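Me: Hi! I have a structure open and I'd like to go through it with you. Can you take it slowly?

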Amino acid sequence: MGRSRFGFSLLEVLMALLVITVALLGMAGTLGPVARLTGEGRARGRAAQMLASRLDRLRAELLAAAPACAAPASGSAWHPNGFYESWSSGALAGRVEVSIITLTPRPGGAVADTIRTRLACP
Amino acid sequence: MSRKGTSLFELMVALVLTGLLAALTWSILAAAAFRLRDRSERISMDHALRVAAGAARAALEPLGRDSAAGADLLAAEPDGFVARATRGVGVLCAAAPDELSARAGPGWWVALRAPVAGRDSLLVGTVRAPWHWIALELPADPVPGRCPDGSPAIRFAVSVPPAALAALGPGSPIHVFEDVELKVYTSGAAGWVGLRALATGESIQPLAGPFGTAGLQVAYAGRSGAPTVLPGGVASALIRLGAFTERAGGVGMARLDRVAPDSAALFVALRNLR
């Protein structure tokens, strides 16, 4: 009388292990994009902080030049970790129009953010 | 005879294959867990930097000075500062020698919390020349009342100098403020940026960290851009923050070998200077 089969063969167990391993590695692979996105968020936050600081530096220069309403000098600067900013301004009837561009580094190329606004002369 | 089991050779091959798969999976998962842990720590550090930078900017930006009420920046230290912090804003609908009434209700009165006698003070702007702000003590908690036109009001029992009263009236802006200190303090081996209300005598409350013991450095400049330490002469401030990751080490796969540092710098121009 033949014996009935009660369990799994070794080959079946090995195949199951292989499938589980591939699934685990697939899950681990999703962590990469998550980490990249959070890294980009941090970098863009830094860029926003850089823009706010530059805008306040231009405000301070305007205050220093008061009562004249002189447009602050244009310029550019590199910052640690590959951040870059450039700014320009022009006088406009009691106000100064400023434009600031930041470049945020990221794999595959930098991202540019631009802010244009008008500052009232003090 | 039917096959009842596996041979020793098959078992050995299976064990070797399983071991190889386990080693491969472990190394990849360990690397992923390490990156995730490292990223999580850096996000926390970045959050601490942003909170501290945001608090410093929010505290300094609205400051100014006035011929009558003086400077809003009360002390300028290299590791922190003391300044007036606005807790509520509104518009007066009536002014009397012993009472000021501010319009209540949405759109008229905006406050972080209810004004507290002894803790808060008032700044009231004139609506007639000479244009300036008048600083007044708040000896009693405000109470609900009515404006002359019958609309709801908040009544502040204050003592207004007769000379000042002549320049106040309906339309005068009113600010409720308290003196707060923002500075870095040491707890254990780390520094923390903290905030406290001076009038309450409370101990400093942690706001963000961990930072280095010199994790908050403030350099003040006057109108011309020249460095100054006189609070009344400050027109801008350059703030440097230095933080580090809170937990080095870790356990198991997510082991981090060292603390990672990071820094940020922000420039703040005081907005209410004339």
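Reply: Happy to! One term before we start: a residue is called buried if 20 or more other C-beta atoms lie within 10 Å of its own, and exposed if 12 or fewer do. Also keep in mind that this is a predicted model.

Me: Got it. So what percentage of chain A counts as buried?
Reply: Of its 122 residues, 20% count as buried.

Me: And which elements is chain A built from?
Reply: Chain A has one helix and four strands. Read from the N terminus, the order is α-β-β-β-β. The radius of gyration of chain A is 29 Å, well over the 14 Å that the globule rule gives for 122 residues, so chain A is more spread out than a compact globule.

Me: What box do its C-alpha atoms fill?
Reply: Along the principal axes, the C-alpha atoms of chain A take up roughly 110 × 20 × 15 Å.

Me: Let's look at the strands. How do strands 3 and 4 of chain A run, parallel or antiparallel?
Reply: They run antiparallel, and 10 bridges join strand 3 (residues 95–104) to strand 4. To find one facing pair, look at A:Ser99, which stands opposite A:Arg116 in strand 4.

Me: Are they buried or exposed, and why?
Reply: A:Asn81 counts as exposed because it has 10 C-beta neighbours inside 10 Å. A:Ala93 is exposed too, because 7 other C-beta atoms lie within 10 Å of its own.

Me: New topic: where are the cis peptide bonds?
Reply: One runs from A:Ala66 to A:Pro67, with omega near 10°. Another joins B:Gly209 and B:Pro210, with omega about 0°.

Me: And where do those two prolines sit?
Reply: A:Pro67 lies in the loop between helix 1 (10–65) and strand 1 (75–78) of chain A. B:Pro210 is found in strand 13 (residues 205–221) of chain B.

Me: Let's move to chain B. How many helices and strands does it have?
Reply: Chain B has two helices and 15 strands. Buried residues make up 31% of its 274 residues.

Me: What is its radius of gyration?
Reply: For chain B the value is 29 Å, while a compact globule of 274 residues would have one near 19 Å. Its C-alpha atoms fill a box of roughly 115 × 50 × 30 Å along the principal axes.

Me: How far does helix 1 of chain B reach?
Reply: From its first C-alpha to its last, helix 1 (residues 8–60) reaches 77 Å, close to the 78 Å expected at 1.5 Å a residue. The helix has 53 residues.

Me: Which of its residues are buried?
Reply: Among them are B:Ala32, B:Glu41, B:Met45, B:Asp46 and B:Leu60. B:Ala52 is also in that list.

Me: What does B:Ala52 touch?
Reply: Leaving out residues up to four places away in sequence, B:Ala52 touches B:Val193, B:Leu207, B:Ala208, B:Leu216 and B:Leu241.

Me: Which residues have the most contacts inside the largest nonpolar core?
Reply: They are B:Ala52, B:Leu92, B:Val124 and B:Leu241, in a core of 70 residues. Helix 1 of chain B gives the most to this core, with eight residues.

Me: Last one: how many residues does each chain bring to the contact between A and B?
Reply: Chain A brings 24 residues and chain B brings 30. On the chain A side, 13 are nonpolar, six are polar and five are charged.

Note on methods: Residues are numbered from 1 along each chain as its sequence is written. Chains are lettered from A and ligands numbered from 1 in the order in which they are written. This is a predicted model: local features need pLDDT of at least 70, side-chain atom pairs count only at pLDDT 80 or more; totals for chains, interfaces and linings use all residues. The expected span of a helix is 1.5 Å times one less than its number of residues. Two residues are in contact if their C-beta atoms, placed from the backbone, lie within 7 Å. Ala, Val, Leu, Ile, Met, Phe, Trp, Tyr, Cys and Pro count as nonpolar, Asp, Glu, Lys and Arg as charged, and the others, Gly among them, as polar. Two strands pair if DSSP finds at least two bridges between them. The radius of gyration is taken over C-alpha atoms; the globule rule is 2.2 Å times the number of residues to the power 0.38. A nonpolar core is a set of buried Ala, Val, Leu, Ile, Met, Phe, Trp, Tyr and Cys residues joined through C-beta atoms within 7 Å.
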